[in-house]
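Keep the sequence and the 3D view open while reading.

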Amino acid sequence: MIFFNKKTLSGSIGTAKVNFCLSRQNAWLLWLCQCLNIAVIALELSTWMLAIILLSLAWQALLLHNSRDREKTRKKETTVKHSSQRQHNHLQKQKQKQKQATIVSPIILGIFALIGCLVIAITAREVGILASMVHLLCFSYVLKAFELKARRDFYQLLLLGLFVLVSSLIFRQDLLFSFITLTLLVINLSVLLQFFSSEKNFARDIKVMTIILGQSAMLAVVLFLVFPRLSPFWQMPRAKSAETGLSGTVKPGDIANLSRSTKLAFRADFGQQSIPNYSQLYWRAMVLEDYDGRQWTRIKAAHKNTGKQATSSTFSVNINDSDIVPLNYQVTIEPSFQKYLFALAPAINSTEGYGIRAKNDYTFMSSKIITQAKSYRLSSFLSLPLSLVLSEHSRTVNLNYPQGSNPRLEQMALQLKHIYPDSQARAQAVLSRINKQNYSYTLQPPLLLNNSLDQFFFDTQAGFCVHYASAFTFIMRASGIPARLVTGYLGGEYNGSNNEDEYSEKGHLSIYQYDAHAWSEIWVQDKGWVRVDPTGAVDPERVNSGWSNELLQEQSKLNNELFSLYQMKNIAWLNSLRLQFDILDYQWTRWVIGFNSKQQHNILKQWFGNMASWKFALIIAIALVISMVMLMLFLHFFNRSTLKKQPLSKWQLVYQKVLGKLAKQGIVKPVAMTVNDFSRQVREQYPELAIVFTRLSVSYSYLSYQVLSTDEQLKHTIKIQQQYREFLQILKKQP
Amino acid sequence: MGIMSVFSLPKSISRFFNRNFERWLSKRVPTRNEHQLNSRNIMIYPTRFGLSYLGFVVLVFLLGTNYQNNIILLFSYLLASLFISVMLHSFYNFSQLRFYSRPKQRGYVDDLIYFAIKITTDKTHYDINAHFTDRTLISQSAHLAQCVQGSEEIKLTYKSSKRGRHYLGRVTVFSEYSLGLFKSKTVLDFGHYAIIYPKAKSLITSQFQFSSQPEEPNIESYQTTNSIGTDDFSELKSFVRGESRARTAWKQLAKGQGHYSKHYQASQGQLQWLKLQDMPSNDVETQLAYLSFLIGELTATNQVFGLSLSADISNKSMNIAPNVGFEHQQACLTALALY
C-alpha cells in the first residue's frame, strides 16, 4: 500500500521535482534525438569535440542500458506488493542506490565541463568565435543530458536541442538541409509530446506533431511574408567556413582538383530571353595578371593605387547610343565565403545598391564575404569589345614574366615572334600546335617539378585547362603580346522545359564547381582584350557542349561516390529526378533564402498597391489577425469532426418511424421508458394496435439486444419491415 | 477562454484580487455534481516552460535577423505559430470533458477516503491531472495519462486526523497536454465534503455495560434488564475470507491452531443503548472512540442498539433510536463525527 502511494506521488505533478523519471522509451528517444541533432551540425565541429561528444553519448547509452535492470527490479517490486514492509524498505534502498548510479556525480561533471570550456576557450582563436560558440553549445547540450533531475532539466535539454538545430542553419540553407532540419524539429517536438502522452506510440506522436506543425505553417508563412524584415541589431561573428570555389592564386593543377566537386557554384536565370550558346558562356570571376614563374595571382596593389581611376575606367555603355540588345539575367550565387562574383563580360550591374562593385578588369566583387545565397542582376553586351585602350601600367604588368623561368618556352616564343608578326596569327599558331601534337586533356595531370610550364608543354603534354591557359599566356607574354589569365566557369547545365516555344522558356542554368575553367586573354590593337581558350584546341567538346563522357568517367572514378555524376547523367529517371530537385532548390533559394525586404515590399505593393507605411503596418496586423482567426476556426472544425454520429441501422429507422406515427396519434414515448413498457402502454391506450405493435417491439428488442449472426439479423430485419407494413395498414383503417 | 497571467503582487492587492477572483469563480463555476468543460470554465495560461519557450523563439528570431538568415527566421515564425496552435490544441484536449462526482464521502480518522471523479468523454483526451485546490489538505493529486472514449474514474484521496465534517472546497483539474507550453485548468466545485468518524478504539467487554434508556418511560415493555456483556459466545468457526478481523479468535491463532472466528448468538429482543457518559474515560474524544468501536462491533454481530449522546432525549440528532444494519451504523457514526 505504501509503495503504491509513493508511486502515485512520483507521478503527480507537484512533487515531480523530487522524483522525476523519464519512461524508458522516452529516455531512449531523447538520446536518439540528441544523436540526430549533433549529426546535423557535426560538420562544423572539430574532431576532438566530436570525439568527446560521441564518448558522452556512448556513456549515456550505457547508463540507459544499465537502467533496464533497474526497471526489471521495479516491476518485480510491483508484483510482490503484498510482501512485508521490511522487504519493501530494503528494495527501496536498493532502488535509490541504483538511481544514484545512473546520475553521474555532479563533481565529476563539473570538472569535465570546466576542462571542456577551457579547451574551447584556448582553441577559440584558431577556429573563430562562431565555431567556438557552436562548440560550447553542443558541449553543454551533451552534458546536460547527464543531469536530468527535474522536469525543468528535460525542458532545458529540449530547447538546447532545438537551438543546436537552428544554429546548424547558419551554415547551410539549401532545400535538402532545411527539410532535414524540419524533420528533426518534428522528431524533437514529438519527444516532448510523448512525455505528455506516454500511452500512445511514437509514430502517432509524430503524426500528431506533423499535423500541429502543418496547422502552424499557415500562420508562419503569413508571418514570413508580412512581418517586417529588420536589419541586424548587432554584429555577429561570421562563419569561418572554408572558402569554396576558385581561389585568388592559381597553380597548374588547381582547377583539376576543383573539378572533382559536383557542388553547385551559382545559378543564372535568363528569364524569357534565349540563352547564349554554350561556347559563349564564359563566366568571368577573376583576372590574374601577376605571374611569378610558379603561380598566377591577382594584383591587389594596382587596385589600391588606381582606386579612383579604376572606377572611372569600368565598363559603361550608353544604352541609347548602341543598338545592341543587352542580355539581362539574374545570378544567384551559393555561399562561397569569398567576395568575387560571376558575370558574362562585358556587363553592367543593373541593380544598384546591392553591395556589388564593378572592377576595371570586367569582374564584379561583392563588398561582403558571401556567406549566404545572394542574387544580383546584370546586363551583358556580349558583342562589345573589352577595353580598347590599354594603359601603360597595364601593358607592363601584362608583359611581365620572370626571365629564365621557362627557357624552352621563351625560346619558342621568340621563334614564333619572327615567323608570325601579327599577334592573332601568332596565337593561332600556338593553338594549332596544341591541336596537332599529342596533347591530352585530363583530370589527373602528371605532377610538374616546380610547376614548370616547360615540362608540361614539351614533356608531359597532359594537363587541365590551367596548364594550357598558363602556358599559352606565358608564350604570348614572352613573345611580346600583353596577355593575362582569367578564371571562372564555363557553360552550365540548362534546367527547364526544352520546348522551342518562346513563351514556355522558363529555365535556368546551373553552374557547378566542375564547370570551373581558366582561359587567357590577349590584347589586340583595335580589338581590345580578346578571349583565347587553348582548351578548345585540345578538347573542343569541353568548350562547345561541356564535359565529355571520358572526363565524366574519370571524375566518377576519382570521386568514388555511390551516385556519381556520370551514373546520374546516364540513368534517365535519376537524371530527371536530379533536375527536378534542382528546380525546387532553385525556387527555394530564390524565394525563401533570397527573400529580402525589397522583395517583400514589392509583393505587398503588388497586392495592395502603393501606400503609406502606417497602412502597411495596418495590413500586416490585419493579416496576422485574420490568419490567427482562421487557424482557430480550422482547429475548431477539426476537433468537431471527430464527433461523428453513428448511422442508425434499418430496424432502428423502422422503429423510429413507428414512434413518429404513434406520436401523431397522441402516444409519445418518453425517452427513459423501455421498449417493453411502452408496448404495454400502447396496448392499454390503443388496443387495436396491440398485437402488431407488441410483435414489432419484440422484434426490435430482439434485434437490438441479442447477439445475432448476420443471416439472422437479415431475417429479422425483413420480418420487422413486414410488421411495419402491417402496422401501417391497421393504422390506416383507423378513423 | 479566460487567459490570465500570474503576477507576483503585494499581499493586500493579491488578497483583494483573490477575493474578487473567488466571487467571479463561484458565479462562473457554481457548485454542481456534474460539470462539463467548455470555454466558460476553462482557463488557459502559459506555463513557465511556455514563457521560456517564447523567450527562446525571440532568441531564434534575433539570431535569424542578425545573420539575415531567412531560414532561421522562418523557423522562428514556425515556432511562434506553433505556440498558438498548441494553445488551441491544449484547449480542445481539455474541453468537452464531463466530470461527475458525489459530494459526500465517509470514513474513519486516519483512513484514506476516496473521492471518485468519473470522467466521460467522446474522444480521447490526454494528461488529465486532478487535485484539491486547497493544497494544505493531506491529499495527493491523481494523474490520468490517457482518457479514452467512454468513461474513466480517477480517485482523489483524503486523510484527516480530526473527526467531523470537512469541507474540501474545489477540485483543480488541469492538463499540460500537447507540449507543456500551456496549462489548461479549471476549478470545479462538486461541494466535496468528508465526514470523518472517530477512530475506533477497542474496549474490553467487561469494562462496559450496556444500559437501557432509563429516562424513557414509555419504552417497549420487553426492555427489562441490563444485559451483561455484548451477547453469548456460541462457537468457533474456521475463518472465511471477508469476515471481520474483529471476530478473529486471536488466542487460537496465536497458538497456531488455525484461523478461526468467533461467532456469537445474537440475543434478539434485547434493546441496548450506547451512551456517551457510560464510556470509561474522562476525555470526550476517547469516549467517542470507544463508541465508534462498539458501533462497529455491534453492527458486525447484527445487534440492535441505539445511540444516545446527550442526556436530553428529545434531542433527535443526538439520540438515535435502536435499529440494526449498515445505514444505522452510518447514522450513528455520523452523529459521533459531528458531536
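The model is predicted. The partner to look at is A:Arg680. Its side chain meets that of A:Asp677 in a salt bridge, with 3.2 Å from N to O. A:Arg680 is partly exposed because its relative accessibility is 44%.

Both residues sit in helix α26 of chain A, which covers residues 675-685. A:Asp677 and A:Arg680 are three residues apart, or about one turn of the helix.

## A pair between two helices

A:Arg695 and A:Glu726 also meet through their side chains in a salt bridge, at 4.0 Å from N to O. This pair links distant parts of the chain, 31 residues apart. A:Arg695 belongs to helix α27 (residues 690-705) of chain A, and A:Glu726 to helix α28 (residues 710-733) of chain A.

Are these two side chains' residues buried, partly exposed or exposed? A:Arg695 has a relative accessible area of 46%, so it is partly exposed. A:Glu726 stands at 33% relative accessibility and therefore counts as partly exposed.

A network is also present. Salt bridges with shared partners join A:Arg284, A:Glu289, A:Arg484 and A:Glu521.

## A buried pair

Over all chains, the structure holds 16 salt bridges. One of them joins the side chains of A:Asp585 and A:Arg267, at 3.0 Å from N to O.

Buried means under 20% relative accessible area. A:Asp585 has 9% relative accessibility, so it counts as buried. A:Arg267 has a relative accessible area of 2%, so it is buried.

## A nonpolar patch on chain A

Which residues form a nonpolar patch on the surface? They are A:Met218, A:Trp614, A:Leu618, A:Ile622, A:Ile626 and A:Met630. Together they have about 600 Å² of accessible area.

Helix α24 of chain A, residues 613-640, gives the largest share of this patch, with five residues. A:Ile622 is found in helix α24. A:Ile622 counts as partly exposed because its relative accessibility is 42%.

## A positive patch on chain B

Chain B has a surface patch of positive charge. B:Lys11, B:Arg15, B:Arg19, B:Arg23 and B:Lys27 gather there. B:Arg15 lies in helix α1 of chain B, which runs over residues 11-28.

Exposed means over 50% relative accessible area. B:Arg15 has a relative accessible area of 52%, so it is exposed.

## Cysteines

A:Cys35 has a relative accessible area of 22%, so it is partly exposed. A:Cys117 has 35% relative accessibility and therefore counts as partly exposed.

Definitions and conventions:
Residues are numbered from 1 along each chain as its sequence is written. Chains are lettered from A and ligands numbered from 1 in the order in which they are written. This is a predicted model: local features need pLDDT of at least 70, side-chain atom pairs count only at pLDDT 80 or more; totals for chains, interfaces and linings use all residues. Side-chain values use heavy atoms; hydrogens and water are left out. Patches are made of residues with over 30% relative accessible area and no salt bridge: like charges are joined within 9 Å, nonpolar side chains (Val, Leu, Ile, Met, Phe, Trp, Tyr) within 5 Å. Accessible areas come from the Shrake-Rupley method with a 1.4 Å probe; for residues, only the protein chains shown count as cover. Lys and Arg count as positive and Asp and Glu as negative; His and the chain ends are not counted. The place of a charge is taken as NZ of Lys, CZ of Arg, CG of Asp or CD of Glu. Helices (H or I, at least four residues) and strands (E, at least two) are DSSP runs, numbered from the N terminus. Buried means under 20% relative accessible area, exposed over 50%, partly exposed in between (1.4 Å probe, protein chains only).
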